[in-house]
Amino acid sequence: MNERKLLLDIQDLTIHYETEAGRVRAVEHLYLELGYGETLGFVGETGAGKTTTALGVMQLIPSPPGAFKGGKVLFEGEDLLAKSEAEMRSIRGGKIAMIFQDPMTSLNPVITVDKQIAEMIALHRDVNEKEALEQAVQMLDIVGIRPERAKDYPHQFSGGMKQRVVIAIALACDPALLIADEPTTALDVTIQAQVLELMKELKRKYNTSMIMITHDLGIVAEICDRVAIMYAGRVVEYADTKTLFERHVHPYTEGLFNSIPDLGEDQEDLKTIMGLMPDPTNLPTGCSFHPRCPYAVETCSRETPAFVEVEPGHKVACPVRAAAGKNGKERAS
Amino acid sequence: MEVWHRMKRSPMAVIGLVLIIVLFVMALFANVIAPFTYSKQNLVHAFESPSSKYIFGTDEFGRDIFSRIVYGARISLQVGFIAVGISMFIGGFLGALAGYYGGKIDNVIMRIMDVLLSIPSILLAIAIAASLGPGLFNLMIAVGISAIPNYARIVRGSVLSIRGQEFVEAAKAVGSSDLRIIFKHIIPNCTAPIIVQATLGVATAILTAAGLSFIGLGIQPPIPEWGAMLSSGRSYIRDYPYMTLFPGLAIMITILALNFVGDGLRDALDPKLKR
Amino acid sequence: MTKNGTLVEVKNLKKYFNTKRGLLHAVDDVSFRITKGETLGLVGESGCGKSTLGRVMIRLLDATAGEVHFDGEDILKYSPGKMKELRKRVQIVFQDPYSCLNPRLTVSELIAEPLIVNKVFRDKASMNARIRELMETVGLAERLETVYPHELDGGRRQRIGIARSLALKPEFIVLDEPVSALDVCIQAQILNLLDHLKKEFGYTYVFISHNLSVVKHVSDRIAVMYLGKIVELSDYKVIFTDPLHPYTQALLSAIPIAKVGSKRDRIILEGDVPSPIEPPEGCRFAGRCLYRQDRCTTETPELREIAPDRFVACHFARNLKRGGK
């Protein structure tokens, strides 16, 4: 029984793009849950549909090629898909904020950083320009940037510092939900560590719920409470972090874990999945993963697997492995 | 090719293309299409207004203007394409050298180009045509040379951006010579901006040639170059406006058509480049 | 091959670039040896000079000073003619599978390039046979011969790059971040491929990457670079279990580990990676080092062999004390 109150509840979301090459099934019947104060890791490889889902929540899908084909996005109990553009504008930045992968292009190069934060504040709060700038400098301090640098331009900062500014903008209005799309992928390892520590600290301080989109399971282990694994437009496995790492069920999840070289032991060959992510304009019938799945049986090519609970709080979209792994599957560690 | 598909979407580009094809047909089959030769004089019928026999009327020597316009297409297209050919190959080669080697070679070549560019191209063309003397061939050379810097600039820019790509490094890593890298790897990847410039360049070349002929350089009578026809019709513009109207229209339509095609090509090629 | 089976020896190699803001010390006095058949991992963050080092080692860039001995001879002194010969023995695989292939050439033409340039075959038939052989070796289906790179995914493109580098039967291959641009599953496929190739053909690799778990998987020894210098060089296991240089320690502690509940002492470095332009005196890492002492800012530490086959560039290795200055 799911008693926890859900901040975000995505039900059966489908988003398609109509392009010259055909219909791109970016997101297909997607289910996702996020509780208050939780950090959800949203994991998948390129083309799985993670960014499209995030943009879908924010209603930022460009509308001629993209279209919502069904489902609901319940935020604080209300369906975002039913809201008008004006209502969404007040939600964006105010209640839901998003940060992107490349800090280089997220910041306006001709406006000083304090003004960029102040702009966000002025949009959502009833303050005058001076107050907004003051609050902006406070935000910079919170993310670890000294006030002397408030009037600097983005190009004067390094990659890690720029990402901090981006985080400051996102959190300026204390949003309930922060969506972070691969925020540290473009950063060096040591800088990534700094930024992750900052995000953890801010999360604690503000109790912001967060969706962390990433392909790095290490980051998931460090910062996320729950994980959703995405493949070809669907969530194929969902569990809390510990459960996922120790008792994952879906063959794709297994493949992902096998592909990462283990820092502990020596390995000969990496037991990876053969083949490629399917073309979203031409998805396989039945389960999208079946052509690459070592456990596939005949029904897999005919029936789309349902997303069912295998243990409390742990859902999988694979009837074959769900049945097989009734006693749990320990990952050799 | 997908470029073709995208071009088809722009109605202007398609219209332009159709007009250019018409022009080519006119040029190729001039002797079939034109009812008279371009030089046949018939003083009895001089200054006749457009009629069923002389569709566009006759000029001061009784020559059929329509036939002269049709033959004129040949001249214009020849000048346009050959002049552009000259500028493209010479300018392109110089630009490629400048972009690839950089340093002193780049400096020397581009400063020479700058000198050429500092002279308004039409004046440059006039100077070259005047010094070479009259004739169709000299006209083509003059127009061609005056446009060399444009192509040099464009190719240099393209080469600079491609030179840093890893596949150029890869070619070096397997031992390719510089010349091979320039011709096999870099230049084929620069064609898009050159094509666009060339298409628009044909229009400019035709216009420049018309201008030169207008002031008496280049084409010698009785060759029916549209600009020359415009020029000789000037004296009679009050009484016989059709003598300037039709050559003027021919020039205008041709230039417009080429511009439409050039714009369409640029738009069709651009999204591909962005991808 | 010289003593101990050393295939490559780098001595005091320097590569500086002239920039508007000053002299950029990309590679600053680097020395090490590579044994035939080994894989040397080269790790570091952006600006450390690893990519530049890889390119200077095979003379894709000209060195500012120093020597690179390949099979006993200093290749930095080779004439262009001898360099062309050398290209058959040393090759490179690039990072970005999207920009390292000429978009105008088909798969077959791309792989043919080294063969054509070096006039390896007299007739087309033998050349095509070799191309097919190479494609099979790297796992590219024969029907892809006439396909263009933009029609393929990153993994297949990288295989083309690998096939191209194998065409001339080299002995030594520099791999510059060969899997960084690839998704995790494809990455694993390519790593397996590189491993098989090495076992079958006995290549010597320099594997450049910023991803430590990948480097550990493939390397025999690992060199850690910081701002143009090698700060530590050891066996791949030892460097993870017993890192001696403070930067190595910080780097290792920064990697997020894909295991739940692993507690560790995170060393969070302050500040950013400083610029390689006109670097400071003394140890380059001193500014961010937790164990910094006075000597560190005045005297540059040399890369010393502190134990058999373990090299560190730190005055206080094994004697690190916090709270210096």
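**A close look at chain C**

Guide: Start inside the chain, where 16 residues of domain 1 of chain C contact 13 residues of domain 2 of chain C. Keep in mind that this is a predicted model. The domain assignment gives domain 1 in two stretches, 6-89 and 170-319. Domain 2 covers 104-169. The centres of domain 1 and domain 2 of chain C, taken over C-alpha atoms, are 30 Å apart.

How much area do the two domains of chain C bury between them? The figure is about 1300 Å², and carbon and sulfur atoms give 67% of it. On the domain 1 side, C:K88, C:P170 and C:L193 supply 36% of the area buried against domain 2 of chain C.

The rule finds zero salt bridges between domain 1 and domain 2 of chain C. Polar contacts are present: three residue pairs, each partner at pLDDT 80 or more. Helix 6 of chain C, residues 184-201, gives the largest share of the domain 1 side, with seven residues. By class, the domain 1 side has eleven nonpolar residues, one polar and four charged.

Next, the backbone of chain C. Two lysines call for a look. Most residues other than glycine have a negative phi. C:K119 has a positive phi, near 45°. Find C:K119 in the loop between helix 3 (107-117) and helix 4 (124-138) of chain C. Its relative accessibility is 70%, so C:K119 counts as exposed. C:K169 is not a glycine, yet its phi is positive too, at about 55°. C:K169 sits in the loop between helix 5 (154-166) and strand 7 (172-176) of chain C. Residue 169 is also where the assigned range of domain 2 ends. At a relative accessible area of 60%, C:K169 is over the 50% cut-off and therefore exposed.

Turn to a charged pair in chain C. Side chains of opposite charge can pair when their charged atoms come close. C:E145 and C:R132 form such a salt bridge, at 3.2 Å from N to O. C:R132 belongs to helix 4 of chain C, and C:E145 to the loop between helix 4 and helix 5, so the pair ties together parts 13 residues apart in sequence. Is C:E145 buried or exposed? C:E145 has 18% relative accessibility; this is under the 20% cut-off, so C:E145 counts as buried.

C:R55 and C:D176 are linked with B:E166 and B:E169 in a network of salt bridges.

Then move to the contact with chain A. Here 40 residues of chain C meet 43 residues of chain A. Together the two chains bury about 3500 Å², with 57% of it on carbon and sulfur atoms. Across this interface, the rule again finds zero salt bridges. The polar contacts between chain C and chain A number eleven residue pairs, each partner at pLDDT 80 or more. Four helices of chain C each supply at least two residues of the side facing chain A: helix 6, helix 7 (212-218), helix 8 (236-241) and helix 9 (246-254). Helix 6 of chain C gives the largest share, ten residues. The side of chain C that touches chain A has 18 nonpolar, eight polar and 14 charged residues.

Over all chains, the search finds 43 salt bridges. One of them lies in chain A, where the side chains of A:K95 and A:E76 meet at 3.2 Å, N to O. A:K95 is in the loop between helix 2 (85-91) and strand 6 (96-99) and A:E76 in the loop between strand 4 (66-75) and strand 5 (78-79) of chain A, so this pair ties together parts 19 residues apart. In chain B, B:D106 pairs with B:R156, with the closest N and O atoms 2.8 Å apart. B:D106 is in helix 5 (residues 103-118) and B:R156 in helix 7 (residues 136-163) of chain B, 50 residues apart. B:D106 is buried at 12% relative accessibility, whereas B:R156 is partly exposed at 23%.

Definitions and conventions: Residues are numbered from 1 along each chain as its sequence is written. Chains are lettered from A and ligands numbered from 1 in the order in which they are written. Side-chain values use heavy atoms; hydrogens and water are left out. Domain bounds come from an automatic or database domain assignment. Contact means heavy atoms within 4.5 Å. Buried area is the accessible area (1.4 Å probe) that two parts lose on being put together, summed over both. A salt bridge is a side-chain nitrogen of Lys or Arg within 4 Å of a carboxyl oxygen of Asp or Glu. A polar contact is a pair of N or O atoms within 3.5 Å; within protein, one must be able to donate a hydrogen and the other to accept it, and residues adjacent in sequence count only if both atoms are side-chain atoms. Ala, Val, Leu, Ile, Met, Phe, Trp, Tyr, Cys and Pro count as nonpolar, Asp, Glu, Lys and Arg as charged, and the others, Gly among them, as polar. Buried means under 20% relative accessible area, exposed over 50%, partly exposed in between (1.4 Å probe, protein chains only).
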